[in-house]
Amino acid sequence: MASDINTNMPRYVVSRIQDAMNEHSKTLKGSKCLVLGVAYKPNIDDIRESPALDVIGLLQKKGATVEYHDPYIPTLKTHEGLEMRSVPDLMAAVRAADCVVITTNHKTYDYKPILDAAKLIFDSRNALGKMGKDSPKVVRL
């Protein structure tokens, strides 16, 4: 049962992102999403079994343009054929994104400027903590 939940969680996350965007009068199709953190867990450079990879793929299938930033993973190459590079300018990418999706809560991120600059944040890791609790532009898992 736990395996089923873990397997289906990326679909649930993308569904919630789509709902959040709709509530902010945006469609997922044609939008620009920035995924923060693609490592399997915080502060490491391992992408094996990372749910962020599934989230990226599902967002792309829904028609979103997806970029990512991860200070530990400069490039992605998966056996499913996904090839991407981490955006070089985090804050420019945050400002340009219709939705920032936090999938790995690395300690190296300074979340306050990200919160200030983003239009919408889907925080799947409660990385923003109390900062994002009362913000209308933060949706938590």
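Colleague: How many helices and how many strands are there in the protein chain?

Modeller: This is a predicted model, and in it the protein chain has five helices and seven strands. Read along the sequence, these elements follow the pattern α-β-α-β-β-β-α-β-α-β-α-β.

Colleague: What makes the radius of gyration of the protein chain agree with that of a compact globule?

Modeller: For 141 residues a compact globule would have a radius of gyration near 14 Å, and because the protein chain has 14 Å, the two agree. The C-alpha trace, taken along its principal axes, spans about 35 × 30 × 30 Å.

Colleague: What share of the residues in the protein chain is buried, and what share of the contacts with a separation of 6 or more joins residues 24 or more positions apart?

Modeller: Buried residues amount to 45% of the 141 in the protein chain, the cut-off being a relative accessible area under 20%. Of the contacts with a separation of 6 or more, 53% are between residues 24 or more positions apart. As for the surface, the accessible area comes to about 7,900 Å², and carbon and sulfur atoms hold 50% of that. Among the side chains, 20 are positive and 17 are negative, with the centres of the two sets 3 Å apart.

Colleague: Which residues touch the most other members of the largest nonpolar core, and which elements give two or more residues to this core?

Modeller: The largest nonpolar core has 28 residues, and those touching the most other members are Ile17, Val38, Ile56, Leu59 and Leu76. Two or more residues of this core come from each of helix 1 (2-23), strand 1 (32-36), helix 2 (51-61), strand 2 (65-69) and strand 5 (99-102). Apart from this core lies another, of 18 residues, which include Leu34, Val87, Leu90 and Ile114.

Colleague: Why is Met21 called buried, and what is Met21 in contact with beyond its neighbours within four places in sequence?

Modeller: Met21, which lies in helix 1, has a relative accessible area of 0%, and is therefore buried, given that the label applies under 20%. Leaving aside neighbours within four places in sequence, Met21 is in contact with Lys26, Thr27, Leu28, Ser31, Cys33, Asp98, Cys99 and Leu120. With Cys99 there are 78 residues of separation along the chain, while the C-alpha atoms are separated by 7.6 Å.

Colleague: Ser31 lies in a loop; why is Ser31 called buried?

Modeller: The loop in question is the one between helix 1 and strand 1, and Ser31 is called buried because its relative accessible area is 4%, against a limit of 20%. Not counting residues up to four places away in sequence, Ser31 touches Met21, Gly63, Ala64, Thr65 and Asp98. The C-alpha atoms of Ser31 and Val66 are 8.5 Å apart, although 35 residues separate them along the chain.

Colleague: How do you know that Tyr68 counts as buried?

Modeller: Tyr68 has its place in strand 2, and its relative accessibility is 0%, so Tyr68 counts as buried. Beyond four places in sequence, Tyr68 touches residues including Leu34, Val35, Val38, Ile56, Leu76, Met84 and Val87. From Pro10, 58 residues away along the chain, the C-alpha separation is 16 Å.

Colleague: What makes Asn43 and Asn126 partly exposed, and what is the phi of each?

Modeller: The term covers values between 20% and 50%; Asn43 has 28% relative accessibility and so counts as partly exposed, and Asn126, with a relative accessible area of 44%, is partly exposed too. Asn43 is found in the loop between strand 1 and helix 2, with phi near 65 degrees, a positive value in a residue other than glycine. Asn126 is found in the loop between strand 6 (121-123) and helix 5 (130-133), and its phi, near 55 degrees, is likewise positive in a residue other than glycine.

Colleague: Why is Pro113 called partly exposed?

Modeller: Pro113, in helix 4 (residues 111-117), has a relative accessible area of 30%, and is therefore called partly exposed.

Conventions:
Residues numbered from 1 in each chain as written. Predicted model: local features only at pLDDT ≥ 70, side-chain atom pairs only at ≥ 80, totals over all residues. Heavy atoms only, no water. Helix = DSSP H or I, 4+ residues; strand = E, 2+ residues; numbered from the N terminus. Rg over C-alpha atoms; globule rule 2.2 N^0.38 Å. Buried < 20%, exposed > 50% of the residue type's maximum accessible area, 1.4 Å probe, protein only. Contact = heavy atoms within 4.5 Å. Areas by Shrake-Rupley, 256 points an atom, 1.4 Å probe, with all protein chains shown as cover. Lys, Arg positive; Asp, Glu negative; His and termini not counted. Charge placed at Lys NZ, Arg CZ, Asp CG, Glu CD. Core = buried A, V, L, I, M, F, W, Y, C linked by side-chain atoms within 4.5 Å.
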